[in-house]
Amino acid sequence: MRTLEEIQIGDNIGPEPLFLEKDRVRAYCNAAGLAGVPRFTDDELARKEGLPGMITPGNMSAALIGKLVTDWARPANARLIRLGTTYRSPVLPEHHLSLQGFVTQVDHGERTAELDIWIENEDGDRLVTATATVKFPPKA
Amino acid sequence: MALDFDPAIIGKIFEETDPVAVSAQEIRDFCAAVGENNPWYTDEDAARKGPYGELTAPPLFVLTFRNGRQFFQNIPRFGKGGFDAGRDVEFLKPVRAGDQITLVSHVKEIYEKTGRSGAMYFVTVRSTVKNQNNEVVAHIDHRFMGRL
């Protein structure tokens with residue numbers, strides 16, 4: 001993928017396997033000022049809140065989705081200009097997840113592409129869904 | 001059940017946070033946790049040829065800035081608890097190491113919807129993220145929902 005002209009509706013993005021170790025979730029919490037939130041860092045305390053164990057912060061899921069989009073956009077020097085996420089079910093660490101999506105719209109006038117992206121678990125459940133807008137540089 | 005809230009809260013600014021300085025180390029820690037290996041965020045030469053023309057933080061770094069204490073105190077609560085339903089982020093300017101970031105937040109909308117499982121409420125809080133040049137870096141809409 002090098003230019004907007006080469007992109008078509010239905011083009012796949014990913015899938016990429018995603019396995020989040022608990023320490024990586026804790027590292028995100030440390031980097032994002034969430035280290036003091038027990039449901040993101042401690043299984044026992046998360047269970048006391050009625051959760052199955054520690055969960056991944058929604059903002060970390062958004063960051064992982066953002067990375068998938070910007071990695072896809074990079075060869076075209078395109079920028080992520082909008083991302084909307086919907087948290088449907090908790091994203092649990094130490095599960096075999098995948099990150100994937102596809103192109104839903106291409107606007108040659110605005111030079112943008114719209115994407116649908118999601119995080120899926122082993123059972124095919126979509127835990128986080130997102131839409132993104134990517135802006136491409138002017139035609140060379 | 002109608003939602004009971006003071007309509008004056010819509011649009012009311014909670015507070016403007018004190019500026020927070022962004023360090024290169026914080027950006028590196030964020031990249032490491034997310035698994036970012038895009039040279040736009042780590043390599044000056046690659047960044048110069050990238051879409052921003054300089055080293056920046058990854059776009060989703062904007063979600064690491066914290067609202068002030070009054071943020072959660074001012075979000076109206078209804079029914080039985082509630083949860084974080086999602087975010088809508090518009091990225092207008094990149095964040096760079098050395099930037100001084102402030103957040104200003106207000107309630108954007110409150111509404112009720114009835115679905116198959118009963119009545120639900122929705123609250124959207126908008127945070128406007130600005131840098132030291134008073135440029136808007138991003139708009140972040142935080143969506144909360146719960147059962148009535």
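Reader: Which residue in S5(A) is the bridge partner of Arg82(A)?

Author: The bridge partner of Arg82(A) in S5(A) is Thr133(A). The model is a predicted one, in which local features need pLDDT of at least 70 and side-chain atom pairs count only at pLDDT 80 or more, while totals for chains, interfaces and linings use all residues. Residues are numbered from 1 along each chain as its sequence is written, and chains are lettered from A and ligands numbered from 1 in the order in which they are written.

Reader: Why are strand S2 (residues 79-87) of chain A and S5(A) said to pair?

Author: Strands (DSSP runs of E, at least two residues; helices are runs of H or I, at least four residues; both are numbered from the N terminus) pair if DSSP finds at least two bridges between them. S2(A) and S5(A) are joined by 8 bridges, so they meet this definition; they run antiparallel.

Reader: What joins strand S4 (residues 112-120) of chain A to S5(A)?

Author: These antiparallel strands are joined by 9 bridges, and Ile119(A) stands opposite Val128(A) in S5(A). Their hairpin has 5 residues between the strands, and Gly124(A) there takes a positive phi near 80°.

Reader: What makes S5(B) and S6(B) a pair?

Author: Strand S5 (residues 118-130) of chain B and S6(B) share 11 antiparallel bridges, and at least two are required, so the two strands pair. Within this pairing, Val123(B) has Phe144(B) as its bridge partner. The two strands form a hairpin with 5 residues between them, and Asn134(B) in the turn has a positive phi of about 65°.

Reader: Which residues of helix H1 (residues 22-31) of chain A are called buried?

Author: They are Val25(A), Tyr28(A), Cys29(A) and Ala31(A).

Reader: Against what do the buried residues of H1(A) pack?

Author: They pack against helix H3 (58-73) of chain A together with helix H1 (24-34) of chain B. A contact requires C-beta atoms, placed from the backbone, within 7 Å.

Terms used:
Buried ≥ 20, exposed ≤ 12 C-beta atoms within 10 Å, placed from the backbone. Contact = placed C-beta atoms within 7 Å.
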